Amino acid sequence: MKEAHVLDQTFENTDFTQQPLEKGEYENCIFKNCNFEYANLSGFSFNDCEFIGCNMSMAKLLTTAFRDVVFKECKMFGLHFNDCNEFGMSFRFDGCSLNNSIFYKTTIKKTLFKNSKLIEVDFAECDLSNAIFSGCDLSGAIFENTNLEKADFRTSVNYSIEPSQNRLKKAKFSLSEVYGLLHKFDIEIDRNS
């Protein structure tokens with residue numbers, strides 16, 4: 001069966017849990033206020049696409065390709081980005097909730113996470129070099145053997161990063177959140193001075 005090749009289309013207010021999106025390659029498409037919750041997007045390819053205000057929580061992403069994709073104000077709980085096709089994988093997130101999502105062992109250099117909730121996200125063994133975490137909540141996010149070289153955390157909060165278990169060369173942090181690097185030492189830091 002031939003797969004779809006869809007160019008320059010906009011999909012609005014569509015519930016893809018009721019009527020599944022046709023499997024194939026989507027290029028320069030916009031998905032606005034669509035529901036993909038628990039949808040099977042395995043084997044799909046999204047190139048230069050935008051997802052705006054979509055619910056993508058728990059969607060299946062086996063070999064899904066995301067290349068130059070923008071996610072804006074999307075609900076994206078429990079996604080396994082580690083199952084995606086890693087060739088050319090690149091995306092950015094603005095105002096998204098990615099709680100409990102998994103990026104384990106992915107190479108996502110220069111990724112922008114802006115004003116997003118990244119609560120209990122698994123970034124273990126990722127290459128996040130040059131990534132920007134701007135205005136994000138990283139409560140419970142996992143960083144183990146993660147490459148965070150030149151990553152920027154200056155405007156993000158609630159992260160807990162063990163310096164001896166991660167690569168942090170030239171990474172940027174704000175003084176007010178430096179506790180996130182020292183928590184393991186069980187020392188008291190006066191945040192008022």
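This is a predicted model: local features need pLDDT of at least 70, side-chain atom pairs count only at pLDDT 80 or more; totals for chains, interfaces and linings use all residues.
User: How are strands read here, and which strands are joined to β3?

Analyst: Strands are DSSP runs of E with at least two residues, helices are runs of H or I with at least four residues, and both are numbered from the N terminus. Two strands pair if DSSP finds at least two bridges between them. In this structure, β1 is joined by four bridges to β3 (residues 24–27), and the two run parallel; within that pairing, A4 stands opposite G24 of β3. Strand β3 is also joined to β5 (residues 45–47), by three bridges and again in parallel, with Y26 opposite F46 of β5.

User: How many residues are in the largest nonpolar core, and which members touch the most others?

Analyst: A nonpolar core is a set of buried Ala, Val, Leu, Ile, Met, Phe, Trp, Tyr and Cys residues joined through side-chain atoms within 4.5 Å. Burial is judged by relative accessible area: buried means under 20%, exposed over 50%, and partly exposed in between, using a 1.4 Å probe and protein chains only. The largest core here has 54 residues, and F31, F51 and F123 touch the most other members. Strands β1 (4–7), β7 and β8 each supply at least two residues of this core, and β7 gives the most, with three residues.

User: Which residues does F123 touch beyond its sequence neighbours?

Analyst: Contact means heavy atoms within 4.5 Å. Once residues up to four places away in sequence are set aside, F123 touches F103, F113, L118, L128, F133, L138, A141, I142, F143 and T146.

User: Is N47 buried or exposed, and what does its side chain meet in polar contacts?

Analyst: A polar contact is a pair of N or O atoms within 3.5 Å; within protein, one must be able to donate a hydrogen and the other to accept it, and residues adjacent in sequence count only if both atoms are side-chain atoms. N47, which is found in strand β5, has a relative accessible area of 11% and is therefore buried. Its side chain makes a polar contact of 3.0 Å with the side chain of E25 and another, of 3.4 Å, with that of S45. Beyond four places in sequence, N47 is in contact with E25, Y26, E27, N28 and R67, and its C-alpha atom is separated by 7.8 Å from that of A65, 18 residues apart along the chain.

User: How many salt bridges are found, and what do they connect?

Analyst: Side chains of opposite charge can pair when their charged atoms come close. A salt bridge is a side-chain nitrogen of Lys or Arg within 4 Å of a carboxyl oxygen of Asp or Glu. A search of the whole structure finds five. In one of them, the side chains of K72 and D94 meet at 3.8 Å, N to O; since K72 lies in strand β7 (residues 65–72) and D94 in strand β8 (residues 90–94), the pair ties together parts that are 22 residues apart in sequence. K72 counts as partly exposed at 33% relative accessibility, as does D94 at 22%.

User: Where do K105 and E125 lie, and what about R167 and E149?

Analyst: The side chains of K105 and E125 meet in a salt bridge of 3.8 Å, N to O. K105 lies in the loop between β8 and β9 and E125 in the loop between β9 and β10, so this pair ties together parts that are 20 residues apart in sequence. The side chains of R167 and E149 meet in a salt bridge of 3.1 Å, N to O. Both R167 and E149 lie in the loop between β10 and α1 (179–182), so the pair ties together parts that are 18 residues apart in sequence.

Technical notes:
Residues are numbered from 1 along each chain as its sequence is written. Side-chain values use heavy atoms; hydrogens and water are left out.
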